[in-house]
Structure formats: C-alpha cells, structure tokens
Amino acid sequence: MSVVCEIWFAFSWLLDQLPKLCPINRSTDLNVLKEKFEVPSPNNPTGKSDLPGIDIFVSTVDPEKEPPLVTANTILSILAVDYPVEKLSCYVSDDGGALLTFEVMAEAVSFANVWVSFCRKHNIEPRNPESYFNLKRDPYKNKVKPDFVKDRRRVKCEYDEFKVRINGLPDSR
C-alpha cells in the first residue's frame with residue numbers, strides 16, 4: 001500500500017511540475033480587444049462597446065491607520081481607467097464609517113473631473129496621480145500634443161492643492 005501511495009504522489013508531483021517547465025506568458029493586445037468589442041459587426045451593429053460591466057469595490061478601514069490620500073489616489077486611478085464609463089462602477093466601503101472618508105471622497109470627486117479628462121486626453125500611464133507625478137523619467141518625452149505641457153502643469157498644480165486639502169482634513173476637526 002505504501003508503494004502505491006508513493007507512486008501516486010510521485011505522479012502528482014510530476015503533473016504539478018510539467019506546467020512550470022514551459023510557462024505561458026500572456027499579454028493584452030488592446031487593438032484586438034477594440035476590434036472584437038467596439039467595431040460594428042453583425043453581432044454588434046451599432047459598434048458600441050460590448051465589453052461586460054465591471055464593479056470595483058474599495059474597502060477602507062480607519063483613516064488613522066490607512067492614509068486618506070492613498071484611498072483617494074486609488075479611487076482616482078480606478079475612475080481614470082481606459083474602459084467605457086457606462087460599464088464601470090466604483091464602490092467605497094468604509095468599515096469604520098468615518099466622516100473623514102466621506103470628506104476625502106468628496107474632494108476626490110471634485111479633482112476627478114480634472115484628472116480623468118487629462119488622462120484620457122493625453123493617454124497617461126500610470127493612472128494613479130501620485131505615481132505619475134513621482135516618475136523619474138521625462139514626462140514630456142514622446143508627447144506631440146502642443147497643449148500637453150500646459151495641461152500637465154495645470155493638473156500638477158491642482159493635484160498639489162488637492163493633496164494639501166486632503167492632508168489638512170484630519171487637522172480641521
């Protein structure tokens with residue numbers, strides 16, 4: 001019986017190791033997705049997006065333990081994602097029910113009007129404002145639109161004001 005079990009475990013181990021010998025790496029081809037889901041076809045005569053709806057849930061805890069700016073940047077990056085607006089929903093769940101989280105989300109919504117339009121207009125990556133403005137590479141490289149520099153400076157200034165307002169919220173109590 002022991003020999004049969006050892007043979008079975010050896011066979012199981014071998015089956016587990018085979019996929020690791022030849023791993024599959026996949027990447028998303030956005031042009032193929034666009035052709036499949038957003039081009040008029042017999043299945044989609046209007047050419048409107050046929051992508052499924054997505055619901056994203058962001059859970060937060062006590063604003064003292066989890067910085068409100070991190071939560072706001074997470075929400076902003078979700079709202080700026082390159083996906084049809086009518087198919088995307090973002091929900092914030094605050095376990096503590098803190099009023100501070102509500103105030104932060106109100107500030108984030110007001111800044112989202114600026115940030116989301118900037119991201120879509122100039123195809124900005126990464127979509128998280130903190131990560132984008134802290135990049136070490138040249139932000140003006142490969143940007144051919146003449147209004148990019150002016151827009152970036154305006155959004156950077158508004159983001160700095162946004163950070164000051166968010167970081168000042170806990171002190172205003």
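**Entry 1**

Helices here are DSSP runs of H or I with at least four residues, strands are E runs of at least two, and the numbering starts from the N terminus. I am working on a predicted model.

I began with asparagine 123. I placed asparagine 123 in the loop between H4 and H5. H4 is the helix of residues 99–122, and H5 is the helix of residues 129–133. Then I looked up the backbone of asparagine 123. Its phi is positive, about 55°, although asparagine 123 is not a glycine. Is asparagine 123 buried or exposed? Its relative accessibility is 53%, so asparagine 123 counts as exposed; the cut-off for that class is over 50%.

I went on to proline 126. Proline 126 also sits in the loop between H4 and H5. Which peptide bond is cis? I noted the one from glutamate 125 to proline 126, with omega near -5°.

**Entry 1: aspartate 62**

Next I looked up aspartate 62. I found aspartate 62 in the loop that runs between strand S1 (54–60) and helix H3 (68–79). Aspartate 62 has 29% relative accessibility and therefore counts as partly exposed. I also checked aspartate 62 against aspartate 94. They are 32 residues apart along the chain, and I have their C-alpha atoms separated by 7.9 Å.

**Entry 2: the cavity**

How many cavities of 30 Å³ or more does a search of the whole structure find? I noted one. For the largest cavity I wrote down a volume of about 50 Å³. I then listed its lining: Thr60, Val61, Pro63, Glu66, Pro68, Thr71, Leu100, Thr101 and Val104. Two elements, H3 and H4, each give two or more residues to this lining. H4 supplies the largest share, three residues. By class I recorded five nonpolar, three polar and one charged residues in the lining.

I turned to the largest pocket. It holds about 430 Å³ of space. There are 15 lining residues, and I marked the closest to the centre: Leu30, Lys34, Glu38, Asp82 and Tyr83. I sorted the pocket lining by class into seven nonpolar, three polar and five charged residues.

Two packed helices are described by the angle between their axes and the distance between the axes.

I logged the crossing of H3 past H4 as right-handed.

How do H4 and H6 run, roughly parallel or roughly antiparallel? H6 covers residues 148–168, and the axes of H4 and H6 come within 11 Å and cross at roughly 165°. H4 and H6 are therefore roughly antiparallel; that class starts over 145 degrees. I logged this crossing as left-handed.

H3 and H6 came next. I have their axes coming within 9 Å and crossing at roughly 135°. That makes H3 oblique to H6. I logged the crossing of H3 and H6 as right-handed.

Terms used. Residues numbered from 1 in each chain as written. Predicted model: local features only at pLDDT ≥ 70, side-chain atom pairs only at ≥ 80, totals over all residues. Heavy atoms only, no water. Buried < 20%, exposed > 50% of the residue type's maximum accessible area, 1.4 Å probe, protein only. 1 Å grid on protein atoms, 1.4 Å probe; cavity = no way out; pocket = protein on both sides within 12 Å on 5 of 7 lines; lining within 4 Å. Points joined across faces, edges and corners; volume = space filled by probe spheres on them. Nonpolar A, V, L, I, M, F, W, Y, C, P; charged D, E, K, R; others polar. Left-handed = near helix turned anticlockwise from the far one by under 90°. Axes fitted to C-alpha atoms, helices over the stretch in contact; angles between N-to-C directions. Parallel < 35°, antiparallel > 145°, perpendicular 65-115°, else oblique.
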